[in-house]
Amino acid sequence: MPLHLATEVVTLKTKHPFVIARGGGDDYRVVWVRLTDADGAEGWGEADPSKYYGETADTVLAVLQKLEPHLPKDAFELEAAEARFAQVVPKNGAARAALSAALHDLFGKRLGQPLWRLWGLDPAKAPYSSFTIGIDTAEQIRLKVAEAAAYPILKIKLGTDHDEDILRTIRDATDKPIRVDANAGWTRERAIALLPVLKEYGVEFVEQPLPPDDLEGIAAVRRRGVLPVVVDESCLVAADIPRVAAAADGINIKLAKCGSLREALRMIATARAHSMLVMVGCMIESSLGITAAAHFTPLVDAADLDGAALTANDPFIGATIDGGKIRLPTGPGLGVRRRSQDGRPG
Ligand code: MG
């Protein structure tokens with residue numbers, strides 16, 4: 001008998017409207033996936049769809065239905081199951097990532113070990129996570145910087161016509177290391193003109209300055225030699241890495257883009273083979289989605305896994321960000337449990 005699939009749409013609310021260069025909001029519909037085996041053991045995963053990559057909670061549900069006949073008998077067939085999913089549905093990374101996480105969770109639970117231990121990783125090597133400040137008014141930005149007091153690194157969303165003002169507001173409020181993400185919101189001229197300003201404000205690196213296909217432009221920004229350039233929207237899966245390696249210094253891995261935990265590990269290996277920096281990012285997610293990505297963070301250089309920290313109604317407890325440091329759970333599989341309805345750990 002194949003694994004049994006159950007799905008549930010969960011609406012996450014962000015503490016503040018979360019706005020980036022291409023817009024935003026405060027309501028995020030994600031899909032909680034549960035796979036049950038013949039013995040009643042359950043594996044959990046979460047799909048965090050992004051319209052930018054053509055997915056919504058509804059497309060996730062439709063894709064999961066399409067993949068249901070291709071579920072394995074148990075969670076030990078990981079390689080073959082994920083290959084089948086990718087063959088049946090080549091895109092739709094968020095939907096496939098939920099199944100991948102649920103299979104890995106079940107796999108770890110059957111073996112009684114946390115996933116990071118099955119991978120042979122040292123949880124102490126997990127990096128600090130940045131905390132993201134979305135595009136907002138100066139007053140709100142100051143408030144968010146104060147709210148982010150526990151986080152030692154900030155990631156600033158840019159790509160507006162007043163980025164210099166945003167940077168000045170942040171710098172007047174804090175001297176923490178900052179990273180910036182333009183989410184493809186600049187032109188070549190604007191990006192190159194801003195580089196000295198970013199440098200002056202102590203920015204560590206710049207993420208996705210230009211549209212994803214403008215690798216020549218991204219390479220030109222990098223050639224200025226002012227700041228390292230990381231690509232996010234330009235790099236979805238491992239096969240994209242040889243193409244972006246000449247244009248950028250690093251990649252930002254997200255499960256919702258690459259569609260599986262195993263593909264995330266392949267991306268890390270491929271990026272390392274190209275001497276690239278590796279960063280892991282997220283969408284607006286609950287702690288279930290964040291924890292799936294957190295398990296491989298001992299292998300990466302930088303993390304931006306604040307998706308659950310930005311939400312006001314996280315239904316799960318898993319990996320935590322403690323003073324910015326990612327702490328991996330010690331329970332078997334993903335090690336995630338449900339928060340009880342009254343908000344206390346359940
Ligand atoms: Mg990004």
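Trainee: With which residue does the side chain of Arg 190 meet in a salt bridge?
Mentor: This is a predicted model, in which local features need pLDDT of at least 70, side-chain atom pairs count only at pLDDT 80 or more, and totals for chains, interfaces and linings use all residues. Residues are numbered from 1 along each chain as its sequence is written, and side-chain values use heavy atoms, with hydrogens and water left out. A salt bridge is a side-chain nitrogen of Lys or Arg within 4 Å of a carboxyl oxygen of Asp or Glu. At 3.2 Å, N to O, the partner of Arg 190 is Glu 164.

Trainee: How many residues apart in sequence are the parts that Arg 190 and Glu 164 tie together?
Mentor: Helices (H or I, at least four residues) and strands (E, at least two) are DSSP runs, numbered from the N terminus. Arg 190 lies in helix H7 (residues 188–200) and Glu 164 in helix H6 (residues 163–173), so the separation in sequence is 26 residues.

Trainee: Is Arg 190 buried, partly exposed or exposed?
Mentor: Buried means under 20% relative accessible area and exposed over 50%, with partly exposed in between (1.4 Å probe, protein chains only). Because Arg 190 has a relative accessible area of 24%, its class is partly exposed.

Trainee: Which residue forms a salt bridge with Asp 301?
Mentor: The closest N and O atoms of the pair are 2.9 Å apart, and the partner of Asp 301 is Arg 272. Asp 301 lies in the loop between helix H12 (287–294) and E11, so it is tied across 29 residues of sequence to a residue of helix H11 (residues 261–273), namely Arg 272.

Trainee: How many residues apart in sequence are the parts tied together by Arg 22 and Glu 233?
Mentor: The side chains of Arg 22 and Glu 233 meet in a salt bridge at 3.0 Å, N to O. Arg 22 lies in the loop between E1 and E2, and Glu 233 in the loop between strand E8 (229–231) and helix H9 (241–244), so the separation is 211 residues.

Trainee: Which side chain does that of Asn 183 join in a polar contact of 2.8 Å?
Mentor: Asn 183 is placed in the loop between E6 and H7 and counts as buried because its relative accessibility is 5%. A polar contact is a pair of N or O atoms within 3.5 Å; within protein, one must be able to donate a hydrogen and the other to accept it, and residues adjacent in sequence count only if both atoms are side-chain atoms. The polar contact of 2.8 Å is with the side chain of Glu 233.

Trainee: What is the phi of Gln 208?
Mentor: Most residues other than glycine have a negative phi. Gln 208 lies in the loop between strand E7 (203–207) and helix H8 (215–223) and is buried because its relative accessible area is 0%. Although Gln 208 is not a glycine, its phi is positive, at about 35°.

Trainee: How far from Asp 306 is the nearest side chain of opposite charge?
Mentor: Asp 306 is found in the loop between strand E11 (302–303) and strand E12 (316–317), and its side chain reaches the backbone nitrogen of Thr 132 at 2.6 Å. Lys and Arg count as positive and Asp and Glu as negative, while His and the chain ends are not counted. Asp 306 is buried yet has no salt bridge, and the distance to Lys 155, the nearest such side chain, is 7.1 Å.

Trainee: Which element gives the largest share of the lining of the largest pocket?
Mentor: On a 1 Å grid over the protein atoms alone, a pocket is an open set of points where a 1.4 Å probe fits, with protein on both sides within 12 Å along at least five of seven lines; lining residues have an atom within 4 Å of a point. The volume, about 810 Å³, is the space filled by probe spheres set on the points, which are joined across faces, edges and corners. Of the 36 residues that line the largest pocket, those closest to its centre include Tyr 28 and Met 283. The largest share of the lining, seven residues, comes from E2.
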